Amino acid sequence: INQLFGGSPIAPIVSAFDHQHPVTKDMASVRSQIIVPFSRTVSLASAMPQGAEGTSLATTFNTAWAYKGSSNKVPAKPTASETKGSLSVAVAVEAPPSLFQKDAPSDRKARLVVFGGSSLLGNQAVAMFNNQDFVVNAVRWLADEEKRISIAPKEEESSMLRLDKGAMGTIWWSLLLLCFGTLGLGAAVIWRRRRAA
């Protein structure tokens with residue numbers, strides 16, 4: 001789908017987010033989108049450790065597939081050995097600290113967020129769509145600052161129209177032609193009415 005907008009087939013646009021997890025519930029409610037260039041799939045284990053809870057935060061469209069080749073030339077259709085369908089590109093896990101350290105306090109939980117790739121944080125990608133919101137919200141959840149999770153308002157950027165001398169000349173002569181054409185048409189109408197009277 002992102003190829004319709006000039007994007008790369010190996011940089012999928014993701015708009016399916018978990019509606020209940022704190023990191024993505026706001027993004028799901030406003031139908032946000034992120035773009036994840038060169039991302040790998042990330043999935044949760046079928047058997048999680050006792051007390052651990054995992055959530056797939058973001059998944060691709062069902063037209064995506066996990067390409068196993070090494071070439072930049074991606075085929076138009078998946079092969080039989082490649083995984084097809086909605087693919088997870090980010091997961092979050094919450095688990096009791098005792099899984100990692102026996103004498104850890106039990107009043108809090110250990111948290112982990114795994115992205116399929118770090119390229120969504122690159123200079124070119126971080127400002128695209130809602131990439132920055134996604135990453136910042138994940139960090140806030142990890143820091144136990146769920147009250148600060150939000151979607152930042154998009155600032156409207158003012159853009160100046162800059163024209164070279166050739167374009168300015170074309171606009172200038174077009175305006176002159178329009179003005180003199182209107183005057184000529186008005187004079188012709190007046191002259192015709194006077195002649196008819």
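Let me start with a word I'll need all the way through: buried means under 20% relative accessible area, exposed means over 50%, and partly exposed is in between, with a 1.4 Å probe and protein chains only. What you're looking at is a predicted model, so local features need pLDDT of at least 70 and side-chain atom pairs count only at pLDDT 80 or more, while totals for chains, interfaces and linings use all residues. Residues are numbered from 1 along each chain as its sequence is written, and side-chain values use heavy atoms, with hydrogens and water left out.

Let's go to the inside. A nonpolar core here is a set of buried Ala, Val, Leu, Ile, Met, Phe, Trp, Tyr and Cys residues joined through side-chain atoms within 4.5 Å. The largest one has 19 residues, and those touching the most other members are Val14, Phe17, Ile34, Leu57, Ala58 and Phe134. Helix H1 (25–29), strand E4 (53–59), strand E5 (88–95) and helix H2 (131–142) each put in at least two residues, and H2 gives the most, with 4. Those labels are DSSP runs, numbered from the N terminus: helices are H or I with at least four residues, strands are E with at least two.

Now find Ala58. Leaving out residues up to four places away in sequence, Ala58 touches Val14, Ala16, Phe17, Ile34, Leu87, Ser88, Val89, Ala90 and Phe134, where contact means heavy atoms within 4.5 Å. Some of that is strand pairing, which takes at least two DSSP bridges between two strands. E2 and E4 run antiparallel, joined by 2 bridges, and Phe17 has Ala58 as its bridge partner in E4. E4 also pairs with E5, again antiparallel, over 6 bridges, and there the partner of Ala58 is Ala90.

How many aromatic pairs does the structure hold? There are 2, counting Phe, Tyr and Trp rings (six-membered ring for Trp) with centres within 6.5 Å; planes under 30 degrees apart are stacked, over 60 edge-to-face, the rest tilted. Phe17 and Phe134 make a tilted pair, 6.0 Å centre to centre with 55° between the planes. Phe17 sits in strand E2 (residues 16–17) and Phe134 in H2, so this pair ties together parts 117 residues apart in sequence. Phe115 and Phe134 are edge-to-face, at 5.5 Å and 70°. Phe134 is buried, at 1% relative accessible area, whereas Phe115 is partly exposed at 26%. Together, Phe17, Phe115 and Phe134 form one aromatic cluster.

On to the charges. A salt bridge is a Lys or Arg side-chain nitrogen within 4 Å of a carboxyl oxygen of Asp or Glu, and the whole structure has 5 of them. Arg111 meets Glu94 at 3.0 Å, N to O, and Glu146 at 2.8 Å. Elsewhere, Glu145 bridges to Arg148 at 3.2 Å, and Arg148 is partly exposed, with a relative accessible area of 48%. Through shared partners, Glu94, Arg108, Arg111, Asp144 and Glu146 join into one network.

Last stop, helix H3, residues 165–196. Its 32 residues reach 46 Å from first C-alpha to last, close to the 46 Å expected at 1.5 Å a residue, the expected span being 1.5 Å times one less than the number of residues.
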